[in-house]
There are 2 protein chains.
Amino acid sequence: MTASQPAKETSTPARPKLAFRPLPVPQVDVRGFWGDRVDAVAARTAGILYDRCVEARMLEQIDPDRPSPGIVIPFHSPSPDEAGEQGAEFTGSTVTTQMFWDSDWGKTIETAAYSLYRRRNSELEKKIDAVIEMYEKLQQEDGYLSSWYQRIQPGLRWTNLRDCHELYCAGHLIEGAVAYYQATGKRKLLDIMCRYADHIASMFGPEPGKKKGYCGHEEIELALVKLARATGEKKYMELAKYFIDQRGQQPHYFDEEARARGADPKAYHFKTYEYNQSHKPVREQDKVVGHAVRAMYLYSGMADIATEYGDDTLRVALDRLWDDLMTKSLYVTGGLGPSAHNEGFTSDYDLPNETAYAETCASVGLVFWASRMLGMGPNARYADMMERALYNGSISGLSLDGSLFFYENPLESRGGHHRWKWHRCPCCPPNIGRMVASIGSYFYGLADDALAVHLYGDSTARFEIAGRQVTLVQTSNYPWDGAVAIEVGPEAPVAFTLHLRVPSWSRKAALRVNGKLVDLEAATVDGYAAIRREWRQGDKVELDLEMSMARLFANPQVRQDIGRVALARGPLIYCVEETDNGGGLHRIALPREARLEARKEPNLLGGIVTLSAIGSRAETEKWGHDLYRSEPPAAEETTVRAIPYFAWDNREPGEMLVWLREG
Amino acid sequence: MTASQPAKETSTPARPKLAFRPLPVPQVDVRGFWGDRVDAVAARTAGILYDRCVEARMLEQIDPDRPSPGIVIPFHSPSPDEAGEQGAEFTGSTVTTQMFWDSDWGKTIETAAYSLYRRRNSELEKKIDAVIEMYEKLQQEDGYLSSWYQRIQPGLRWTNLRDCHELYCAGHLIEGAVAYYQATGKRKLLDIMCRYADHIASMFGPEPGKKKGYCGHEEIELALVKLARATGEKKYMELAKYFIDQRGQQPHYFDEEARARGADPKAYHFKTYEYNQSHKPVREQDKVVGHAVRAMYLYSGMADIATEYGDDTLRVALDRLWDDLMTKSLYVTGGLGPSAHNEGFTSDYDLPNETAYAETCASVGLVFWASRMLGMGPNARYADMMERALYNGSISGLSLDGSLFFYENPLESRGGHHRWKWHRCPCCPPNIGRMVASIGSYFYGLADDALAVHLYGDSTARFEIAGRQVTLVQTSNYPWDGAVAIEVGPEAPVAFTLHLRVPSWSRKAALRVNGKLVDLEAATVDGYAAIRREWRQGDKVELDLEMSMARLFANPQVRQDIGRVALARGPLIYCVEETDNGGGLHRIALPREARLEARKEPNLLGGIVTLSAIGSRAETEKWGHDLYRSEPPAAEETTVRAIPYFAWDNREPGEMLVWLREG
């Protein structure tokens, strides 16, 4: 859309009746598997995030009472080698400022917020309050707020949306503000960010005289939706929709903006606007391209707008994009974006395992996107994938104790890949932190007269439906066991539909309501069993899911996985580690007919279920000296023992492998 | 050795009686397989090399009558991406000068020299004469000669041997000079280079006041040996030996040189002197490390010195290094140096196929090294490997018509890897050109009373032994057929030992002298059958080698080749190409029991033998939409057709694969 065409689409329709919104974090208490994870974040990660931001001297950038650090690093930054070194430890000489540090503060605040709700921590709360005060002091009269453009590159604001993360930073601070408000009741940051959002709305929009821009790194869109939901202010929803609608329109904003800077638009480092998904208007996009995190954040914002406006043109585009990702470019772990070069997508079926970039943030972003697709109604197509990304490619990014972080999540390692304390681009630690700490909000979707149960796990939820308060308690040892007992406790009888996901990985499932078997096949639409009734205190729903073990095979077009098999049980993808299986994991082969055995191991890695089978291993001792010979290597029998992928690299360092050779 | 210890080893012993020297190129005329290759170089490559040097504006650097191009590029040069772009075509804007262009002129002159011997070309000869005149004009009074240091960075000569290829360039010009002299009888360049070598000898050596340096890129050592052999001047041999002996001694020359430049030796781009094999004295080295071409050139020089001085301390070190390369770091094609990062070696058993750097120059360098190991006596351990590198990983670098060049020689391609016209670092084209054009000199080793036949192939050699002229004619269709008839024709009866290699890849061999069967087992030492007799005109030796087909398996420690098989016939390694087998080569599997069939195909790729077998292919059509599923893919029968690796990428562009899946 161009300036001369103020568009019809910006009028706000009534919210569709069937829009399912997530429950705010404080309304769901998790226990069991996710309880342990959230406790680790609350006990350690949240404080660690703040401390490491301070160690990295990130306070100096945002604190107007200190001199500006004033160290500008080139936008396109050092080699992975150097990044790796910086990742390991802080050293005075390698600390620099970053244009996206406001976003890391935003996510750190968000993680702290959910953690404070989980577990009071007045010391951490004081620190966060002090950060918020700095932002309050930093904010300009007109509402503008960017530590980078105010303290490092003054005078240049709104001149490079393509590269400089300005609206992206605003988005993360908005998300932090909403979370901090919901968890602590404190409005200060929320008010700051409303003022900033108002300023942004005064700068961008279809009206004459406003900029027709949008951010090179999507994020502001989904953040404005959150802000609109938290404040009830439609104007923020409208602004989010504007950014979505405007993206990729001609004349191209990034071209014009570059020329206004005196730069050649063609001199763009990443060469194509596919990198930031602005190569065409979003409704015309049909391939998942470019930077993986940016893509996930854009599609999340699109799904929110599709949900809120009942916009089927967006929904159709999103389904095409979903299909493309699911059938061409997703790791079996729910990881995505194979290439470090663009931190993103390459070509169809290109899924290298050892060099997989599969950034933690990208899997977290897939969880965001999938959860928002569920806003348009329960559908296991999205929920099953949300679950896979949650349990595998995203939480692998955090050590079990909550103190160390993966940036890349490869599916194979020769023993040199380990979680680090920090990173020069510290986006992943607070991203996985906030996702885990807010896990409760992914469990449910609430519509006007329906509740969808997307995730299972020991937990208690409180919500209001049809004017009644309802408490819903899940009792389960999920994901280790598939038996889920759900008690529905409304304050008074209330009719609504309960949608229960029946995961596609479960080969056998049974559903009982108050002990009475439900015809699951008849009750199930789009992978969710629907139970409509007047619910009363004491009603009990029992879902028994077989925790099926599976051998997974990749489409033969995936060259890296041909002749290989991945093991799964329920939502979990498994891997083998050197510490359980000895070195040279590539030498292991698993026969197709080998029986898989699942075993509960309560003392291993915080309590997991392992899978084991009899396989073989090409032996090296009798092979001798030759590098090549015409006799094949001999094989010896070996017991293959696999653990859930998310739990790897929490013991002795060593090799790891997801895709085992078959044979 | 340090300045204070003028070493005993520099005294010149008599050349050992059993030193085998190669025959100069003009003494061996090849026909058949190698005849075709040499003709392509003489008819096209030699002229192309000169023309592309001119297009790249390399004349401007060396011609003292033109203004200096004066464009200095950073030593550590652009990304492979940029190099790739430059590789494709010349564009005015990307042309720069290079510090190593004298070496490319040296190799271009060398290729032209051998080509002129093969096929008169007065036009090319005039052009080369003009280049030599430029060098004559450029040479300083004191003998110094470097277009880089005289025209681009004057005043800095001998200040950065570590990085700047100064002696390396001298070495290649020396090799060019020797070749041009041998092929055309013209001495001008030889005289120039003798003056320069004398100058170098006045600058470097154990004597007080001389520099204790050596080149960061080895080459001068083997070139000085050639110069000594061509001129009979021992001083050049001595200087070569000095460079070998001095390498890696403490205090380290590159440290001292860096400090003298005011640089921090620790700021070395490649971080370790392993990169240029100066991390320790050469006799203490036991692992093949660093830049692959540098390593091969160093070991070649060491082997020459070991041969010429009968130096067993070098021989022992060389055997350790050979063993290390052969058992840990060599591709089955005779390619080496898997990594683009250091253009060299990484860790043991790390042999990635698709990303293999395996520079053409490195395989050519292995041919150099192996051939020089044969100087110490016939041994199939070296000759078999020389043959493998010759027929596979090196000549793959040149298109069949002699016009296009590989820099990298991967063992797998998705269809995007092709030979290019030129490269910003144009080392490989003239290197493969000169090697092919001089192939005759690798056929034989001549000692005082013995001739070793290292390579077979239709050809005629002329040499003098024990004061007699001998003509030796091989009649054979090798490598397509293993029958070799050798006529030994001395001008008068003469006694000497004929050593005939019996390649280890041949499972059955028979040897007849004048029709009489020889007990091959009894006659064979180190893989060579020795026939000592008084040879007379008309004597005929017949060697029948079975051209055995083989399935080759890699040591199971090579993760990239596990579960895979490579096909070979005789000295040739095979590969499959998309044009013969359809796309998706990774989906092909070859059962262990599948019968291999060899077929002569005279009209294919200039006449080759193909291998074929019945295999299977994982099918994609019935697989459907899913990226992952629990049913394995179905397989369909397919005929696998393989061609010799060297001949790939000479037809329709497409995928290529050496290591086929077994199963």
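Me: Which backbone nitrogen does the side chain of E257(B) reach?

Reply: This is a predicted model, so read every value as computed from it. The side chain of E257(B) reaches the backbone nitrogen of L161(B), at 2.4 Å.

Me: Where does E257(B) lie, and is E257(B) buried or exposed?

Reply: E257(B) lies in helix α11 of chain B, residues 253-260. Buried means under 20% relative accessible area. E257(B) has 5%, so E257(B) is buried. Leaving aside neighbours within four places in sequence, E257(B) is in contact with T159(B), N160(B), L161(B) and R162(B).

Me: Now chain A. Where is Q61(A) found, and what does Q61(A) touch?

Reply: Helix α2 of chain A, residues 59-62, holds Q61(A). Relative accessibility is 0%, so Q61(A) counts as buried. Residues up to four places away in sequence are not counted here; beyond them, Q61(A) touches P69(A), T97(A), Q98(A), W101(A), S147(A), W148(A), R151(A) and I152(A).

Me: How do I read the relation between the two chains? What rotation superposes chain B on chain A?

Reply: Look at the angle and the shift along the axis. A rotation of 180 degrees with 0.0 Å of shift superposes chain B on chain A, with an RMSD of 0.0 Å. The two copies are therefore related as by a two-fold rotation axis. In chain B, the C-alpha nearest that axis belongs to G663(B), 4.0 Å away from the axis. The same surface serves both copies: 98% of the contact residues of chain B recur in chain A.

Me: How is the size of an interface given?

Reply: Often as the accessible area lost when the parts come together. Here chain B and chain A bury about 3,800 Å² between them, with 57% of it on carbon and sulfur atoms. In chain B, the residues that lose the most area to chain A are R559(B), L627(B) and Y628(B), together 22% of what that side buries. The contact takes 49 residues from chain B and 49 residues from chain A.

Me: How many salt bridges cross the interface of chain B and chain A?

Reply: The rule finds 6. In one salt bridge, the side chains of R559(B) and E412(A) meet at 3.5 Å, N to O. Polar contacts are counted too: 18 residue pairs between chain B and chain A, both residues at pLDDT 80 or more.

Me: Which elements give two or more residues to the side of chain B that touches chain A?

Reply: They are α13 (312-329), β15 (549-554) and β21 (628-629) of chain B. The largest share, 6 residues, comes from α13(B). By class, that side of chain B has 20 nonpolar, 11 polar and 18 charged residues.

Me: Last topic: backbone angles. What do most residues and peptide bonds show?

Reply: Most residues other than glycine have a negative phi, and most peptide bonds are trans. Start with cis bonds in chain B. The peptide bond from Q250(B) to P251(B) is cis, with omega near -5 degrees. P251(B) lies in the loop between α10 (234-246) and α11 of chain B. Another cis bond joins Y478(B) and P479(B), with omega about 5 degrees. P479(B) sits in the loop between β7 (468-476) and β8 (483-490) of chain B.

Me: What is phi of E343(B), and what is phi of A358(B)?

Reply: Phi of E343(B) is near 45 degrees, a positive value in a residue other than glycine. Phi of A358(B) is near 40 degrees, also positive. E343(B) is in the loop between α13 and α14 (360-373) of chain B. A358(B) is in the loop between α13 and α14 of chain B as well. At 0% relative accessibility, A358(B) counts as buried.

Notes. Residues are numbered from 1 along each chain as its sequence is written. Chains are lettered from A and ligands numbered from 1 in the order in which they are written. This is a predicted model: local features need pLDDT of at least 70, side-chain atom pairs count only at pLDDT 80 or more; totals for chains, interfaces and linings use all residues. Side-chain values use heavy atoms; hydrogens and water are left out. Copies are superposed by least squares on the C-alpha atoms of residues with pLDDT of at least 70 in both. Contact means heavy atoms within 4.5 Å. Helices (H or I, at least four residues) and strands (E, at least two) are DSSP runs, numbered from the N terminus. Buried means under 20% relative accessible area, exposed over 50%, partly exposed in between (1.4 Å probe, protein chains only). A polar contact is a pair of N or O atoms within 3.5 Å; within protein, one must be able to donate a hydrogen and the other to accept it, and residues adjacent in sequence count only if both atoms are side-chain atoms. Buried area is the accessible area (1.4 Å probe) that two parts lose on being put together, summed over both. A salt bridge is a side-chain nitrogen of Lys or Arg within 4 Å of a carboxyl oxygen of Asp or Glu. Ala, Val, Leu, Ile, Met, Phe, Trp, Tyr, Cys and Pro count as nonpolar, Asp, Glu, Lys and Arg as charged, and the others, Gly among them, as polar.
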